[in-house]
Amino acid sequence: MEDAYARSIAEVLDFFGVDPMKGLSDSQVTLHSKTHGKNVLPEETRTPFWKLVLKQFDDLLVKILIAAAAVSLGLALINGETGLTAFLEPFVILLILAANAAVGVITETNAERALEELRAYQADNATVLRNGCFSILPATELVPGDIVEVSVGCKVPADMRMIEMLSNQLRADQAILTGESCSVEKELEVTIATNAVYQDKTNILFSGTVVVAGRARAVVVGVGANTAMGSIRDSMLHTDDEVTPLKKKLDEFGTFLAKVITGICILVWIVNIGHFHDPSHGGFLRGAIHYFKIAVALAVAAIPEGLPAVVTTCLALGTKRMARLNAIVRSLPSVETLGCTTVICSDKTGTLTTNMMSVSKICVVHSVHHGPTIAEYSVSGTSYAPEGIIFGSSGMQIQFPAQLPSLLHVAMCSAICNESILQYNPDKGSYEKIGESTEVALRVLAEKVGLPGFDSMPSALHMLSKHERASYCNHYWESQFKKVSVLEFSRDRKMMSVLCSQKQKEIMFSKGAPESIVSRCSNILCNDDGSTVPFSAAVRDELESRFRSFAGKETLRCLALAFKQMPIGQQTLSFEDEKDLTFIGLVGMLDPPREEVRNAMLSCMTAGIRVIVVTGDNKSTAESLCNKIGAFDHLEDFAGHSYTASEFEELPALQRTLALQRMTLFTRVEPSHKRMLVEALQHQNEV
């Protein structure tokens with residue numbers, strides 16, 4: 001069903017003839033399975049080995065060499081030559097060609113696995129409602145019309161239309177598909193956007209994406225190749241192979257050489273027609289063969305036998321060097337194409353950035369005794385690894401952050417008011433998340449702040465194994481504050497709260513959108529002495545100014561943190577409890593750029609290569625990231641250099657051509673737009 005996002009829930013359910021309370025019957029499953037097939041991405045038909053070998057000889061120069069070797073061997077046999085002399089020349093030529101083919105086949109066989117990577121994003125199992133009962137089935141058995149339940153940590157098994165929310169909200173991480181650095185909130189309402197792209201379809205869960213918050217039910221609307229992931233695979237399969245600049249030049253050279261050699265050979269043979277009768281040859285026919293051999297010898301001498309071998313060896317060395325730098329090379333000549341490149345289109349999320357949300361700024365109230373003074377801290381580290389340093393506003397490292405009252409409470413609240421999991425994966429050698437990326441960023445922040453009362457804390461933490469270190473401080477806070485009750489995040493409140501018990505004391509921690517938290521605060525925690533003072537209008541104005549700076553100029557995703565002492569023995573929370581809070585601080589986070597990106601981009605620009613950043617993310621977020629990278633400092637602003645996919649498509653043909661020549665940023669795109677951009681650039685003779 002192509003337009004499920006634009007249809008109401010009732011229309012979608014009627015289309016598949018499914019009861020949301022019972023699911024599909026066995027007969028319906030059988031029928032839908034016959035119509036739509038299995039929920040798997042069909043395997044690419046692999047090129048047979050013999051075809052791969054023959055492909056390596058599909059080159060004019062190589063064909064000329066084979067012909068020369070065959071003629072040379074034939075003439076040697078006609079003349080009755082035996083031994084090494086008869087086979088030496090053809091053998092050397094064929095040896096060079098065999099080496100050339102071997103390198104090509106090995107490289108292309110390794111590269112064919114690239115498409116198979118997409119299959120890794122498919123889910124293994126799904127919780128499905130059939131015949132009125134829920135059961136866990138292999139995801140490959142899903143059919144359109146199946147009712148599926150998803151929750152935190154689930155990989156979405158097919159393209160599905162949301163039909164019922166089982167929690168206050170549902171959020172999905174669809175960076176793999178759209179490049180959005182933040183998770184996306186899903187809803188039940190119909191999408192009314194015209195020319196809707198994947199980012200607009202907020203009622204659709206896409207196959208291969210991951211649920212990071214909440215629980216919901218959805219109806220399957222697309223399986224296998226008829227999913228968003230399937231359309232990417234199809235477009236990859238149907239990409240026409242471009243002839244590389246080197247291949248073009250070698251083909252031109254081969255054609256020219258073939259014509260010249262043929263002409264010279266015929267000329268040499270014709271010029272010597274008068275000598276065919278020479279008695280020394282023993283007859284006219286033998287004379288003709290003698291001068292034909294001379295012409296062939298001339299042809300073989302004129303052909304640069306070593307050229308294919310030298311070219312292949314150079315490209316193979318280039319491939320080996322690139323493989324060391326983690327580059328996948330699908331075919332040898334593409335290595336050479338890099339030397340002719342004029343434009344590089346680069347993804348943003350996960351390529352220019354780490355795709356790991358990290359807290360980069362903390363803002364707390366230092367003191368209010370002589371007017372409000374705000375303390376701002378910077379946090380280093382660009383991944384989920386619990387390694388990073390906290391710097392004061394002067395740029396000096398804070399040796400023991402946990403000794404500062406506000407930073408200590410930031411760590412407490414970050415650890416307690418959190419539903420995510422941070423863990424170390426020894427197989428991949430990296431730290432991984434389960435849950436919302438913003439919550440994992442807070443977990444990592446709690447680790448960077450450390451624990452109170454340990455002067456040797458930073459060095460002591462380094463003694464732990466990576467598995468223990470992943471959430472050591474978080475586990476400490478969770479052992480100190482036992483969770484009693486949780487008020488989940490909701491769209492109207494824009495916050496969540498957790499009631500905890502610690503040594504006969506009850507305390508509530510809250511986190512949420514700054515405007516929601518600040519409006520509910522009546523006190524603030526001071527960072528200089530840990531005192532709690534009333535929230536004055538002056539402090540409120542100063543904090544709102546910092547928030548505007550974080551969210552506006554720096555485009556950070558901001559969260560405010562607060563706490564409240566609760567009556568002893570309280571066991572439940574209500575929305576009425578979320579008032580008269582004590583403000584702790586403000587944290588700003590972002591998907592950080594990789595440290596090596598700026599120099600890489602400047603190297604490209606120095607080499608005359610234009611870089612276009614392509615992303616499914618918002619325009620303002622992408623422009624801010626480009627400013628942070630610092631490689632686009634030569635642009636005064638992005639006007640005329642930055643376009644969304646819809647803006648670009650609406651341009652008249654002439655303006656579109658001009659826009660392509662100036663473009664440095666292409667945002668809100670889906671995979672089909674990337675292909676359109678590359679093809680448009682190729683039409684302008686860009687490599």
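Let us start at a turn: in the hairpin of E1 and E2, which has two residues between the strands, Asn131 takes a positive phi near 55°. Strand E1 covers residues 125-130 and strand E2 residues 133-138; the two run antiparallel and are joined by six bridges. The names of helices (H or I, at least four residues) and strands (E, at least two) refer to DSSP runs, numbered from the N terminus.

A word on what you are looking at. This is a predicted model, in which local features need pLDDT of at least 70 and side-chain atom pairs count only at pLDDT 80 or more, while totals for chains, interfaces and linings use all residues. Residues are numbered from 1 along each chain as its sequence is written, and side-chain values use heavy atoms, with hydrogens and water left out.

Now move on to an open sheet of four strands, with the order E10-E23-E25-E24 and parallel pairing. At its edges are strand E10 (343-347) and strand E24 (642-644), each of which pairs on one side only. From one strand to the next, the twist averages 20°. E10 runs parallel to strand E23 (residues 610-614), and five bridges join them. In one of these pairings, Asp347 has Val614 in E23 as its bridge partner.

Two helices lie across this sheet. Helix H21 (residues 619-629) lies across E23, E24 and strand E25 (665-667), and runs at about 150° to E25. Helix H24 (residues 671-683) lies across E10, E23 and E25, at about 160° to E23. Such axes are lines fitted to C-alpha atoms, for helices over the stretch in contact, and the angles run from 0 to 180 degrees between N-to-C directions. Contact here means heavy atoms within 4.5 Å.

Helix H14 (residues 437-449) and helix H17 (residues 472-480) have axes that come within 7 Å and cross at roughly 95°. That makes H14 roughly perpendicular to H17, a term for angles of 65 to 115 degrees. Arg443, Ala446 and Glu447 of H14 make the contact with Tyr472, Cys473, Asn474 and Glu478 of H17.

Next, look for Ser497, found in strand E17 (residues 495-502). Is Ser497 buried or exposed? Ser497 is buried, because its relative accessible area is 0%; the cut-offs are under 20% for buried and over 50% for exposed, with partly exposed in between (1.4 Å probe, protein chains only). Its side chain makes a polar contact of 2.8 Å with the side chain of Ser510, and another of 2.6 Å joins the side chains of Ser497 and Glu578. (A polar contact is a pair of N or O atoms within 3.5 Å; within protein, one must be able to donate a hydrogen and the other to accept it, and residues adjacent in sequence count only if both atoms are side-chain atoms.)

Our last stop is Ala68 in helix H4 (residues 60-78). Ala68 counts as buried, at 9% relative accessibility. Leaving aside neighbours within four places in sequence, Ala68 is in contact with Val300 and Ile303. Val300 is one of the buried residues of helix H9, which include Gly287, Tyr291 and Val296. The 19 residues of H9 (residues 284-302) should span 27 Å at 1.5 Å a residue, and the end C-alpha atoms are 27 Å apart, which agrees. The expected span is 1.5 Å times one less than the number of residues.

Methods. Pairing = 2+ DSSP bridges. Parallel < 35°, antiparallel > 145°, perpendicular 65-115°, else oblique.
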